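Open your viewer, load the model and keep the selection tool at hand. We will go from the whole chain down to single residues.

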Amino acid sequence: QIRWDQVDPADGFGYIKYRSECGCPAWTVVKVPVIVSNAVISGPTTVCTQKQYKYEMPRWPTTQVQWDVNGPAPAQATYSAQRNEIYLKFDVPGTYTLSNIYNNTLLGCGGKSETLTIVVTEPLTVTGGQSEVCTGNSLTFNSNGSGNVTWDVTYNGSVVSTQTTPNPFQYVFLNSGTYIITAHTPGGCVGEGTVVKALPAPSAPSGNIT
């Protein structure tokens, strides 16, 4: 049996799969680079100022990529050893567009990527609360955002609560473990959060006080 899998625009490769009919259950896979005329850029579309983010094209061999960023201010661009990658850092909030043209020097073909729209916002700072709390108790947090603020509570690596409310924000820590509290404007980027360790309440002491 021979099977051909379609090209994923973000991946940029097609896959030829071969399996013998004499009882072997495994497929032999050959990865084939396919240079399309309108490739897709992979990377985050909602980002914070003053942080670096990676954007990439399919990793085709012998392919040169020329990047172009447009927006309200220049972006800081850093290139890696991989020709298909670029790292961007934005200093000014606003809407930016990222695109590129590319050419495979071995085959002599190339194209232009689809345009990626990137929304850059200022991250919010979370204040208040404390680093440790006993389970069953609540803490109150504030942020430097005005109007409605979206609060995310991450517990042991998973988001357990998302609420959109004006400042302040109060949360009851029911279970012991590590929590991260983050705040962002609706539709804006998520900045650094504050870490809270919830500890089980100690058992009541026994005996007489003398």
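Here is the tour, one stop after another.

This is a predicted model, in which local features need pLDDT of at least 70 and side-chain atom pairs count only at pLDDT 80 or more, while totals for chains, interfaces and linings use all residues. Residues are numbered from 1 along each chain as its sequence is written, and side-chain values use heavy atoms, with hydrogens and water left out.

**Stop 1: the whole protein**

Show everything as a cartoon. You will find zero helices and 19 strands; these are DSSP runs numbered from the N terminus, with helices being H or I of at least four residues and strands E of at least two. The radius of gyration, taken over C-alpha atoms, is 25 Å, well over the 17 Å that the globule rule gives for 210 residues, so the protein is more spread out than a compact globule. That rule is 2.2 Å times the number of residues to the power 0.38. Along the principal axes, the C-alpha atoms fill a box of roughly 90 × 60 × 30 Å. Of the 210 residues, 30% count as buried (buried is under 20% relative accessible area, exposed over 50%, partly exposed in between, with a 1.4 Å probe and protein chains only).

**Stop 2**

Is Ile-86 buried or exposed? Its relative accessible area is 1%, so Ile-86 is buried. Among the residues that Ile-86 touches are Tyr-53, Trp-67 and Tyr-79, leaving aside those up to four places away in sequence (contact means heavy atoms within 4.5 Å).

**Stop 2: two nonpolar cores**

A nonpolar core is a set of buried Ala, Val, Leu, Ile, Met, Phe, Trp, Tyr and Cys residues joined through side-chain atoms within 4.5 Å. The largest has 23 residues, and those with the most contacts inside it are Tyr-55, Phe-90, Leu-98 and Ile-118. Apart from this core lies another, of 17 residues, including Val-126, Tyr-155, Ile-181 and Ala-198.

Zoom in on Leu-98. Its contacts, not counting residues up to four places away in sequence, include Ile-41, Tyr-55, Leu-88 and Ile-118.

**Stop 3: a buried loop residue**

Select Ser-113, in the loop between strand S10 (109–112) and strand S11 (116–121). Its relative accessibility is 5%, so Ser-113 counts as buried. Beyond four places in sequence, Ser-113 touches residues including Ala-39, Met-57 and Tyr-102.

**Stop 4: backbone details**

Most residues other than glycine have a negative phi, and most peptide bonds are trans.

- Gln-50 has phi near 65°, a positive value. Gln-50 sits in the loop between S4 and S5 and is partly exposed at 46% relative accessibility.
- Asn-156 has a positive phi too, near 50°, and lies in the loop between strand S15 (149–155) and S16.
- The loop holding Pro-168 is between strand S16 (158–165) and strand S17 (169–172).
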